[in-house]
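The following exercises concern a single protein model. Each task is followed by a solution in steps.

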Amino acid sequence: MGIKNIIFNNNENIYNNFPDAIIVLDFMRNIVVWNKKAELLFGYTKSEIKNKNIMLLFAEDFERFNKIIGLNHGTILKATTKSGENIFVDVTAYDAHSSAKTIVSVRALSNKFLELQNLLDDYQTTKMLVSNRDSFISNLKFDFITPLNAAIGFSQSLLDKVCGELNEKQEKYINIINSNNKKVKILMDKVFDIISLDANKKEFNFKNFDCLKIVDFVAENYKNIAEKKGIPISVSSEIEKRNIFSDEYAFAQILEILLDNAVKFSSNGNIKISLTHPDIETLEFHEIKIPNGYSELSYLRVDVSDEGIGVPSDKVCEIFDEYQTKNLLIAKKYDGTALSLPIARKIVHKLNGAIWCSPNAQQGSIFSFVLPIERMSFEQ
């Protein structure tokens, strides 16, 4: 007997012998037929549920339930049992226009499906939380940076005598305000850089560019600062490939961090930037996966050496960790934030490279990083 035809049959045994839960509704969506399988699935006896509205079972999905009536194919809906448990069921609703009745066939889903559904729900929840987090971070950055930029701009205008002459005390205090606001902005930029990198929200723009040109540009920007401390900066290159495939801005940012670090923690000596191709042993030591057919020419190594205060051998790993409070204390002494090196490490890793620190033979430290420089390194 077809499922549509059983609504015209008043034989209760037919309802009870049907393999699925069968519910028949009147034109008001009230329950008039309730078989044994429905009782087992939802927990209500026939006397408890009869003449109750079907909304009692599908309260959370009632709008979707109404939409599937007459479609004559199964749809997954969420239902609620007598005990208050939420379950997922496969529902087919046939509309018999001639009798103004609706017959609903409900099939319990397997535990495996329920597990998959729970995973899907967890995924959707996580996706929503991530979306909310990203929106929150974006708004938070705007809320921090906007007033800081305004404070820096207005205080600078006062120092530029836009509003008239300042006495010595006024100029001193406004200089302090301006300087500290700039420091806070630098700190906030670094904090949001770390958040962006950890959340995989930092976008990278890979293209071909002249790496030596970028190195010379960054070095030139720091020469004036270094020369005031009597520290010369030199650049040497032994590479065969000047044109590399990577992110130009990210490459410059890594180099700026290392060079800024070298200048900041040095009071004398020399700073040297050298470009080479690393040997295979170095790549393997730093756990860089080398595709078949690649050689040392497929990678670029940049060393920034200084003769500053140096890094103790037992601290070379900690300096790349943003959560090491000792690093923060040292950085404060030299007017830093201890966030720059962790940012450099995160960027290098995003570019499929490695970064490390080793002692200089004479005095100070050598900060080194290796990056793949061929297009296929990023496409594999």
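**Exercise 1.** In which strand is T276 found? Classify this residue as buried or exposed, and list its contacts beyond four places in sequence.

*Solution.* The model is a predicted one.

Step 1. T276 belongs to strand β9, which covers residues 271-276.

Step 2. The relative accessible area of T276 is 19%. Buried means under 20%, so T276 is classed as buried.

Step 3. When residues up to four places away in sequence are left out, T276 touches E238, I239, Y299, L300 and R301.

**Exercise 2.** Determine how helices α7 and α8 are oriented to each other, and describe their contact by residue class.

*Solution.*

Step 1. Helix α7 spans residues 211-228 and helix α8 spans residues 248-264. Their axes lie 10 Å apart and form an angle of about 30 degrees.

Step 2. Angles under 35 degrees count as roughly parallel, and α7 is therefore roughly parallel to α8.

Step 3. The crossing of α7 and α8 is right-handed.

Step 4. On the α7 side, the contact is made by C211, I214, V215, V218, A219, Y222, I225 and A226. On the α8 side, E248, F251, A252, L255, E256, L259, D260 and V263 take part.

Step 5. Sorted by class, the contact of α7 with α8 comprises 13 nonpolar and three charged residues, with no polar ones.

**Exercise 3.** Carry out the corresponding analysis for α8 and helix α11.

*Solution.*

Step 1. Helix α11 covers residues 340-350. It packs with α8 at an angle of about 150 degrees, and the axes are 10 Å apart.

Step 2. Angles over 145 degrees count as roughly antiparallel; α8 and α11 are therefore roughly antiparallel to each other.

Step 3. The crossing of α8 and α11 is left-handed.

Step 4. From α8, the contact involves A250, Q253, I254, I257, L258 and N261. From α11, it involves S340, L341, I343, A344, I347 and V348.

Step 5. The contact of α8 with α11 has nine nonpolar residues, three polar and no charged ones.

**Exercise 4.** How many helices and strands does the protein have, and what percentage of its residues is buried? State also its accessible surface and the share of contacts between residues 24 or more positions apart.

*Solution.*

Step 1. The protein has 12 helices and 12 strands.

Step 2. Of its 380 residues, 41% are buried.

Step 3. The accessible surface of the protein is about 21700 Å², and carbon and sulfur atoms account for 52% of that area.

Step 4. Among contacts with a separation of 6 or more, 61% join residues 24 or more positions apart.

Methods: Residues are numbered from 1 along each chain as its sequence is written. This is a predicted model: local features need pLDDT of at least 70, side-chain atom pairs count only at pLDDT 80 or more; totals for chains, interfaces and linings use all residues. Side-chain values use heavy atoms; hydrogens and water are left out. Axes are lines fitted to C-alpha atoms, for helices over the stretch in contact, and angles run from 0 to 180 degrees between N-to-C directions. Helices (H or I, at least four residues) and strands (E, at least two) are DSSP runs, numbered from the N terminus. Angles under 35 degrees count as roughly parallel, over 145 as roughly antiparallel, 65 to 115 as roughly perpendicular and the rest as oblique. A crossing is left-handed if the near helix is turned anticlockwise from the far one by less than a right angle, and right-handed if clockwise. Contact means heavy atoms within 4.5 Å. Ala, Val, Leu, Ile, Met, Phe, Trp, Tyr, Cys and Pro count as nonpolar, Asp, Glu, Lys and Arg as charged, and the others, Gly among them, as polar. Buried means under 20% relative accessible area, exposed over 50%, partly exposed in between (1.4 Å probe, protein chains only). Accessible areas come from the Shrake-Rupley method with a 1.4 Å probe; for residues, only the protein chains shown count as cover.
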